[in-house]
Amino acid sequence: MKFALFLFCIVALARPAALFAQLTVNFQPAVTITGSRIVLGDIAVIGPAGEEAEAIGQLPVAVSPAPGKTKELYTVSVINSLRNRQEVAEVDWQGSQTIVVRRQGTFINRDQLQAIIDQYLKENSGRLAGTNIRFTAMRAPEELTLPAGKLSWTVTPSRPGITGSSSFSIAFAVDDKPATTCVVRGRLEAVAEVVTAAVRLNKGDVINDSNIAVMQQDIGGLNHPYTSKEQLIGMQVARTVNAGTVLEQAHIAAPPIVKDGEMVKIFARKGALQLSTSGLAKTDGRLGEIIQVKNIGSNKLIHCRVDGPGMVSVEF
């Protein structure tokens, strides 16, 4: 019996001291965090180390301040928020009575926003061959504060083709999660060689080599300007423009392929049946347009579609 009691005492004394040690939570006066919530392990040193200490270190105690901001916690409030947790029932609370918590942030200023857009334009320069393009930010946030982490972004111009854009939207993500989006407004200059009117061009004028010129112009606010004379020679002016005007698609029309007073062949079709006769065009007509044609055989006016030079058709 004496030997058994002696052996029990030896075994009891040999057990690790940590099994009997009380956990201590030592609050720190100031800490820096990165996450969106504050856990006990963020604001205190918990010992002795072990699974139990790690477990209570993950207990949430408060919401984090905004990125780049600070907030003050009172130790009493923290302890009260955990009073119903059995894990901390025997904890020895020590340390500072208040804790200043600062949340790390990533700061983006206006110069960096401009640099992001410049880089986007450089990466997309292949879509704007022959164009010198530059964007000057005029309205942009002075500074953005984002959560700490791996930063990435996506830039979207206000116009899909970039030229003519008055703003760029930058969508930021931190650790691959959407963070915030900002819009930078400004002036986009896109200088390129484009075709302009060398003289005043009146509606209906046919374009030739001498009445147009190629000049460098800012095409930032233009829609589909022409970049070579060959694209326009032989075309017709759709509306009057002054000398120096950059010619856009809205200014130009294809020339008529059927002229007023021209004899044409009329094809009348119904299913597989097709008849033909001669007619006299009463107006000019471009490919696909419907024009009035006088049937020479019946002396009647009919509406026909222009199918090609000297050819019109009608369904009956």
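A residue counts as buried under 20% relative accessible area, exposed over 50%, and partly exposed in between (1.4 Å probe, protein chains only). By this rule Tyr120 and Phe168 are both buried. The structure is a predicted model, in which local features need pLDDT of at least 70 and side-chain atom pairs count only at pLDDT 80 or more, while totals for chains, interfaces and linings use all residues. Residues are numbered from 1 along each chain as its sequence is written, and side-chain values use heavy atoms, with hydrogens and water left out.

**Aromatic pairs**

- The structure contains 4 aromatic pairs; rings of Phe, Tyr and Trp (its six-membered ring) pair if their centres lie within 6.5 Å, and planes under 30 degrees apart count as stacked, over 60 as edge-to-face and the rest as tilted.
- One of these pairs is that of Tyr120 and Phe168, which is edge-to-face, at 6.1 Å centre to centre and 70° between the planes.
- Tyr120 belongs to helix H5 (residues 110-123) and Phe168 to strand S13 (residues 167-174), so this pair ties together parts 48 residues apart in sequence; helices (H or I, at least four residues) and strands (E, at least two) are DSSP runs numbered from the N terminus.
- Phe135 and Phe168 have ring centres 4.9 Å apart and planes at 75°, so they too form an edge-to-face pair.
- This pair links distant parts of the chain, with Phe135 in strand S10 (residues 132-139) and Phe168 in strand S13, 33 residues apart.
- Phe135 counts as buried at 2% relative accessibility, and Phe168 does so at 0%.
- Tyr120, Phe135 and Phe168 together make up one aromatic cluster.

**An open sheet**

- An open sheet with mixed pairing is formed by 3 strands in the order S2-S8-S6; two strands pair if DSSP finds at least two bridges between them.
- Strands S2 (30-33) and S6 (70-74) stand at the edges with a single partner strand each, so one side of each has no neighbour in the sheet.
- S2 and S8 are parallel and share 4 bridges, and Thr32 stands opposite Arg102 in S8.
- S6 runs antiparallel to S8 (residues 98-103), to which 5 bridges join S6; Lys71 has Val101 in S8 as its bridge partner.
- In a regular strand the side chains alternate between the two faces of the sheet.
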